[in-house]
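My entries follow in the order I made them.

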Amino acid sequence: MARPTACRSLKESLVTESALISCVDDDPTVLEALEDLLDALGFQVDGYPSAEEFLSRGRLEATTCLITDVRLGGMSGLELQHRLAAASYNIPIIVISAFADDQTRTRAFNAGAICVLAKPVSRENLINSIRLALHPT
């Protein structure tokens with residue numbers, strides 16, 4: 001059975017040139033799979049094993065979309081959303097989680113996420129979410 005996915009809306013085109021997608025996941029297998037898929041789709045991709053590393057070493061100004069897990073060792077993906085908002089970074093955020101229940105989805109959307117995807121994330125759902133991130137109107 002497919003896992004539930006929640007997104008606000010979808011766009012049709014997917015533009016990859018000059019789009020930098022940063023991914024934060026503490027599971028190296030998930031992080032590598034995201035990086036490989038996004039690279040194959042033509043995106044520039046930066047991967048980080050923690051929210052703290054993304055904040056300290058990430059290319060915040062250049063990131064056009066952030067994909068983050070909710071549960072990370074250390075700072076959570078939701079805390080990362082709040083930190084970015086407090087620092088006035090307006091980066092579209094896609095939240096992924098193995099625990100994407102209604103409460104998690106609500107908290108993620110309230111913190112500014114554009115999509116919340118349940119793990120395992122399907123390629124189609126991820127691409128549709130990236131479309132929304134790159135073309136929000």
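**Entry 1: after H3.** I began at Ser88, which takes a positive phi of about 65° just after H3. I use DSSP runs here, with helices (H or I, at least four residues) and strands (E, at least two) numbered from the N terminus. Ser88 sits in the loop between H3 and S5. Most residues other than glycine have a negative phi, and most peptide bonds are trans. Is Ser88 buried or exposed? I put it down as exposed, because its relative accessibility is 65%; the cut-offs are under 20% relative accessible area for buried, over 50% for exposed, and partly exposed in between (1.4 Å probe, protein chains only).

**Entry 2: ground rules.** This is a predicted model, in which local features need pLDDT of at least 70, side-chain atom pairs count only at pLDDT 80 or more, and totals for chains, interfaces and linings use all residues. Residues are numbered from 1 along each chain as its sequence is written, and side-chain values use heavy atoms, with hydrogens and water left out.

**Entry 3: confidence.** I found an average pLDDT (the predictor's confidence in each residue, from 0 to 100) of 86 for the chain, with 87% of the residues at 70 or above. Residues 6-13 fall below 50, yet this stretch has 22 contacts in the model beyond near neighbours in sequence (contact means heavy atoms within 4.5 Å). Where pLDDT is low, the predicted coordinates should not be read in detail.

**Entry 4: helix H3.** Which residues of H3 (77-86) are buried? I listed Gly77, Leu78, Leu80, Gln81 and Leu84. Viewed down the axis of H3, they fall within an arc of 155°, so they line one face of the helix; the arc is taken from the directions from the helix axis to the C-beta atoms. The face turned away from that buried side carries the exposed Arg83 and Ala86. For packing partners of the buried residues, I wrote down strands S2 (20-24), S4 (63-69) and S5 (93-97), plus helices H2 (51-57) and H4 (102-110).

**Entry 5: a cis bond.** I checked the peptide bond joining Lys119 and Pro120, and it is cis, with omega about -5°. Pro120 lies in the loop between strand S6 (115-118) and H5.
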